[in-house]
Amino acid sequence: MKQISSRFSIAVHTLCLIAVSSSEDCTGDYIAESVNTNPVVIRRIMGLLKKAGLVEVRPGVGGASLLKTPEDITLLDIYRAVHVIEDNQLFRFHEDPNEGCPVGRNIESVLQSELSEAQSAMEHRLAQTTLSQLTVKFK
């Protein structure tokens with residue numbers, strides 16, 4: 001079974017670390033050490049977060065800071081920033097089901113509304129949680 005990309009959890013980890021650290025400390029290497037991953041992975045994630053207007057990255061000397069307060073960044077903002085899903089669909093359908101089979105012919109139309117509602121519920125829940133609600137749990 002294909003899992004949702006780890007970019008989301010890495011991005012949340014990264015933003016929480018930036019929120020609780022000084023901007024001088026938050027270099028790519030420092031963040032990569034905390035996440036326990038290659039700095040290249042962090043640079044890619046930081047590029048997505050920067051493009052979404054969530055972080056500022058200082059070139060040269062390094063370091064990153066939040067462009068919004070932790071109270072104003074939701075998990076949904078982060079989820080959308082790192083492109084966890086393709087084509088705005090969390091659930092994908094298998095290709096070419098057998099049209100001669102009543103299940104194969106109808107599975108996508110039968111499941112589509114259920115899966116869309118599940119995705120909406122998850123996104124609604126993510127929108128209710130802010131970065132600050134997470135960072136207070138790390139102190």
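**Entry 1: the core**

I started with the largest nonpolar core, which has 32 residues, and Phe8, Leu15, Leu49 and Ile78 have the most contacts inside it. For my notes, a nonpolar core is a set of buried Ala, Val, Leu, Ile, Met, Phe, Trp, Tyr and Cys residues joined through side-chain atoms within 4.5 Å. Buried means under 20% relative accessible area, exposed over 50%, and partly exposed in between, with a 1.4 Å probe and protein chains only.

The largest share, eight residues, comes from α1. Helices here are DSSP runs (H or I, at least four residues; strands would be E, at least two), numbered from the N terminus.

Before going on, I noted that this is a predicted model, where local features need pLDDT of at least 70, side-chain atom pairs count only at pLDDT 80 or more, and totals for chains, interfaces and linings use all residues. Residues are numbered from 1 along each chain as its sequence is written, and side-chain values use heavy atoms, with hydrogens and water left out.

Next I looked up leucine 15. Leaving aside neighbours within four places in sequence, leucine 15 is in contact (heavy atoms within 4.5 Å) with Leu49, Leu54, Val55, Leu66, Ile73, Ile78 and Leu131. As background, nonpolar side chains tend to be buried together in soluble globular proteins.

**Entry 2: Phe8 and what sits around it**

How many aromatic pairs does a search of the whole structure find? It finds one. That pair is phenylalanine 8 with tyrosine 79, edge-to-face, at 5.9 Å centre to centre and 85° between the planes. Phenylalanine 8 lies in helix α1 and tyrosine 79 in helix α4, so the pair ties together parts that are 71 residues apart in sequence. The cut-offs I used: rings of Phe, Tyr and Trp (its six-membered ring) pair if their centres lie within 6.5 Å, and planes under 30 degrees apart count as stacked, over 60 as edge-to-face and the rest as tilted. Tyrosine 79 is buried, with a relative accessible area of 4%.

I then checked leucine 75, which lies in helix α4. Leucine 75 counts as buried because its relative accessibility is 11%. Apart from neighbours within four places in sequence, leucine 75 is in contact with Phe8, Val12, Leu126, Thr129 and Leu134. Leucine 75 and serine 9 are 66 residues apart in sequence, yet 9.8 Å apart in space, C-alpha to C-alpha.

Valine 84 came next, in the loop between α4 (75-81) and α5. Is valine 84 buried or exposed? At 10% relative accessibility, valine 84 counts as buried. Its C-alpha is separated by 6.5 Å from that of phenylalanine 8, 76 residues apart along the chain.

I looked up glutamine 119 in helix α5 (residues 102-127). Glutamine 119 counts as buried because its relative accessibility is 7%.

In helix α6 I picked threonine 135. Threonine 135 counts as buried at 8% relative accessibility, and it touches Cys16, Ala19 and Val20, not counting residues up to four places away in sequence. Threonine 135 and glycine 104 are 31 residues apart in sequence and 46 Å apart in space, C-alpha to C-alpha.

Glutamine 133 is also found in helix α6. At 39% relative accessibility, glutamine 133 counts as partly exposed.

**Entry 3: positive phi**

I wrote down two residues here. Asparagine 36, in the loop between α2 and α3, has a positive phi near 65° despite being a residue other than glycine. Asparagine 36 counts as exposed at 71% relative accessibility. Aspartate 96, in the loop between α4 and α5, has a positive phi of about 55° and is not a glycine either. Aspartate 96 is exposed, with a relative accessible area of 72%.

**Entry 4: a pocket**

Last, I looked at the second largest pocket, with a volume of about 170 Å³. Of its 15 lining residues, Thr27, Gly28, Arg43, Val57 and Gly62 lie nearest its centre. Both α2 (28-35) and α3 (39-51) supply at least two residues of the lining.

A pocket, on a 1 Å grid over the protein atoms alone, is an open set of points where a 1.4 Å probe fits, with protein on both sides within 12 Å along at least five of seven lines; lining residues have an atom within 4 Å of a point. The volume is the space filled by probe spheres set on the points, with grid points joined across faces, edges and corners.
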